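Hi,

Here is the model I said I'd pass on. Have a look at it first, and my notes on the salt bridges and the interface follow below.

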Amino acid sequence: MPEIKVTPLGAGQDVGRSCILVSIAGKNVMLDCGMHMGYNDDRRFPDFSYITQNGRLTDFLDCVIISHFHLDHCGALPYFSEMVGYDGPIYMTHPTKAICPILLEDYRKITVDKKGETNFFTSQMIKDCMKKVVAVHLHQTVQVDEELEIKAYYAGHVLGAAMFQIKVGCESVVYTGDYNMTPDRHLGAAWIDKCRPDLLITESTYATTIRDSKRCRERDFLKKVHETVERGGKVLIPVFALGRAQELCILLETFWERMNLKAPIYFSTGLTEKANHYYKLFITWTNQKIRKTFVQRNMFEFKHIKAFDRAFADNPGPMVVFATPGMLHAGQSLQIFRKWAGNEKNMVIMPGYCVQGTVGHKILSGQRKLEMEGRQILEVKMQVEYMSFSAHADAKGIMQLIRQAEPRNVLLVHGEAKKMEFLKQKIEQEFHVSCFMPANGETTSILTNPCIPVDISLGLLKRETAIGPLPDAKRPKLMHGTLLMKDNSFRLVSPEQALKELGLAEHQLRFTCRVHIQDPRKEHETVLRVYNHLKGILKDYSVQHLPDGSITVESILIQATAHSEDQGTKVLLVSWTYQDEELGSYLTSLLKKGLPQSPP
Amino acid sequence: MDAADEWLVQSLRLYRDLHTFELQAPTRLIEWARGNRVCVAGYGQSDGNEILQLIPPPTLLTKETQGLCPERDFKVECGGFSERPVYSLKYVPDTSLLVTSGPPNSSLQVWQVSAEDSDVIKSVSTLATENCTGQSWAKIDTISARAPWVLHGSRLDRVQITEVESRKSVYTAASRGSEELSGLAFLDCNTLLLCCATGRLCLADVRQPQSLVEATPVPSAPCSEQWCLGSRHRAQPSEPSSQPVARLSSRGLLTLTDLRKTSEFLALAKARVPSPGSGAEFLCVSWAPALEGCLAISERERNKERLNKGLE
């Protein structure tokens, strides 16, 4: 039976470094190539040795697909393509292609420049890696080769995130990456059609979670920001240029407008232009409200949010500042942090994950005395808060997606095995599908039942439907024909047509059997006895006594001759075609039992 | 600003803290479990109603407001599936068992909450009650005093105590009528409290099956009015009950009764219920476990109102 094989190289039963190898109908695809942000050694990369011990990766893999620009999904890509070695195509959406290298470079700077690591990919490697990228549009079927095709679906989550369908012939897999089933202020909700893949691979990180509503998170965020500015304090929000920053900006803009607040809100210089540029370029990736409003005005040009100048950091009074980079490891956000950290009226809100070693990570861990450059000690008196606004699907969202796509099987990644048994049962029970949870390096094989499309000739269809009961959509009907395979396509035709197309003559196969009967009478009398006997038994069949002295039962022919050496024995010749094998055998055994005694 | 955003702004003024979590399916119960867990369960007519034991986020478990705490979500610690709607659920103290009840009849289901190597709540047994077919669902309460017991009954003449593990019946209350029960409770290992849908309140002593003591009847009201019960376990049988028993009607009438003096009301009050007279299906009154003298009531519209005991 054909099967699909899935091997997580990272993210099987753990979180971080998403990387999944899928083998489908002879094609090998790598899904995501992420970095584990919690490790500093080789454990941060997926284990590529599972792919192939011998031979080049380029020869083994047909393509790599990257779902979105978060580093736990693409962070190991330059390492994989330029240091391990892969020259094949890398597919991702247009926004991901635009934004990925920015994050990779940012991360490279932290790791090499800040932390002094040496065995890491370079800026040139990032550029060389991106040259291998083929960007795709949503719902565009992309032919990777003659047999393998892929299609991207909207995933929400971050700008450009996509779920991917990978299809070879009739077998298909859908990989979700990270996705979100509820729309937010600037992105829509994930959506997929009823594509009924053989396998759906989905994240289960939040599958056993009932999430606090987004409204409550926003409410708490606004409350904190408002309280701080009301008491005259300053709020620093370190962000990456794209992603949650836009979400928070729209939220604050809405709140400031409603509450008629006057405290200024700033966005780092350069950040606004860059973000605006990307969101204008990829406006189709935002939600409906943003797109509709964009006709009149650009929703990312805010009334209450202005471009920041470094001199503003020294202004008295309350303010809110969005500044890069997001982990406080360098640049403007760190400069501002250093100025404001000593005042307990101020607040810093970290809206995302911070890598170990960064100032962001240190203060979130509770450190309040930081050693800065030049051995200066910075005492952190400002309030430190963390709020994750990342958009992931929870248990309800995962079930919604499965309901939408209608897969035949489900495979979960990113969760602890012990804690997924209930989810597995839930999925199996609600959808009557099998659910798998492999660990890293563990290969799961999923049997598929591919449908092979066959054309049926109209003549055969008409002939077969005329026989027997009327066609019924709910009942399968058995049809007989000849299957012809030509040029990778199948056709079902009548035997006569098949013979004609193949240029073959039809041969009839007949069987003959001799049955000896003890009867001293003349041949024609024996024939009459046989006729009467068969007529009496085979009431549902057409039994005929022909003028030439032979008997027919349907297409079976019976003739009687005298035995050459014994006049008291008659030899019955029973002859039938291959189609009447059953009846012929039955007649033969019936005649072998002998004829009933005729009345005197 | 759209309506949702407007509500968000208003909520800053109305609530000091607000937490909203959306379950996949509605529940008509929420019960505390050991270790600050909570349990909810579905009540749909089709099978596959989930029983979920949840770990609340740290934000809900501390007194002080935690600010922007990173851990804000409920985690599903373990779960199971019930083929029947779950209308009532009680943990059996000092065991890893819980008991559920619900239509179509008054039998009970016993479940094993997960072992360390699994997160599945498994069905262990069914406690079939006498003539359970045709009876409405049983109200239940549990205690582990002499043994793990479950108190159950759908009507006043069908009240029993069954040992959970052996399934033996250890007590049957004397029959004083066949009114439907709206609630029952162990006050302690010897004393039971039974409340009928009509508001009739009875006390029973397990040691004296034939005696039932009735408390003051509730104020007379339209016969469609229904009542529910709010009470608390006493730690020791001999400890005098300082915690009155509350009864709440579907019209919002609240009575407090001191069990040491059942012939009169301790207090009467009128609570605001959004749909008076709509029936008591989702009506609930309970004593706040950590707030002395405070009651919480909830009704179909899911409004929550906290009342002080001293209301008149």
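Arg37(B) comes out as partly exposed, with a relative accessibility of 22%. Keep in mind that this is a predicted model. The partner of Arg37(B) is Glu77(B): the two form a salt bridge, and their closest N and O atoms are 2.8 Å apart. Glu77(B) sits in strand β4 of chain B and Arg37(B) in strand β2 (residues 37-42) of chain B, so this pair ties together parts 40 residues apart in sequence.

There is also a network: Arg185(A), Lys214(A), Arg215(A), Glu218(A), Glu247(A) and Asp5(B) are joined into one by salt bridges that share partners. Within that set, the side chains of Asp5(B) and Arg215(A) meet at 2.7 Å, N to O.

That brings me to the interface. Between chain B and chain A the rule gives 9 salt bridges, and 19 residue pairs are in polar contact. On the chain B side, α1 (3-14), β3 (49-55) and β4 (74-82) each supply at least two of the residues that touch chain A. α1(B) gives the most, with 9 residues. Sorted by class, that side of chain B has 19 nonpolar, 11 polar and 13 charged residues.

In overall terms, 43 residues of chain B are in contact with 40 residues of chain A. The buried area is about 3600 Å², and carbon and sulfur atoms give 56% of it. You'll also find a bit of sheet running across the two chains: strand β12 (residues 209-210) of chain A pairs with β4(B) in the antiparallel sense, over 2 bridges. In β4(B), Lys75(B) is the bridge partner of Thr209(A).

Back to salt bridges in general: the count over all chains comes to 42. Two within chain A might interest you.

- Asp145(A) and Lys27(A) have their closest N and O atoms 3.0 Å apart. Asp145(A) is in the loop between β7 (141-143) and β8 (148-154), and Lys27(A) is in strand β3 (residues 27-31), so the pair ties together parts 118 residues apart in sequence. Lys27(A) counts as buried at 11% relative accessibility, while Asp145(A) is partly exposed at 24%.
- Asp198(A) and Arg408(A) meet in a salt bridge at 3.3 Å, N to O. Asp198(A) is in the loop between β10 (171-175) and β11 (199-203), Arg408(A) in the loop between α12 (395-405) and β21 (409-413), and they are 210 residues apart. Here Asp198(A) counts as buried at 4%, and Arg408(A) as partly exposed at 43%.

Cheers

How values were computed
Residues are numbered from 1 along each chain as its sequence is written. Chains are lettered from A and ligands numbered from 1 in the order in which they are written. This is a predicted model: local features need pLDDT of at least 70, side-chain atom pairs count only at pLDDT 80 or more; totals for chains, interfaces and linings use all residues. Side-chain values use heavy atoms; hydrogens and water are left out. Contact means heavy atoms within 4.5 Å. Buried area is the accessible area (1.4 Å probe) that two parts lose on being put together, summed over both. A salt bridge is a side-chain nitrogen of Lys or Arg within 4 Å of a carboxyl oxygen of Asp or Glu. A polar contact is a pair of N or O atoms within 3.5 Å; within protein, one must be able to donate a hydrogen and the other to accept it, and residues adjacent in sequence count only if both atoms are side-chain atoms. Helices (H or I, at least four residues) and strands (E, at least two) are DSSP runs, numbered from the N terminus. Ala, Val, Leu, Ile, Met, Phe, Trp, Tyr, Cys and Pro count as nonpolar, Asp, Glu, Lys and Arg as charged, and the others, Gly among them, as polar. Two strands pair if DSSP finds at least two bridges between them. Buried means under 20% relative accessible area, exposed over 50%, partly exposed in between (1.4 Å probe, protein chains only).
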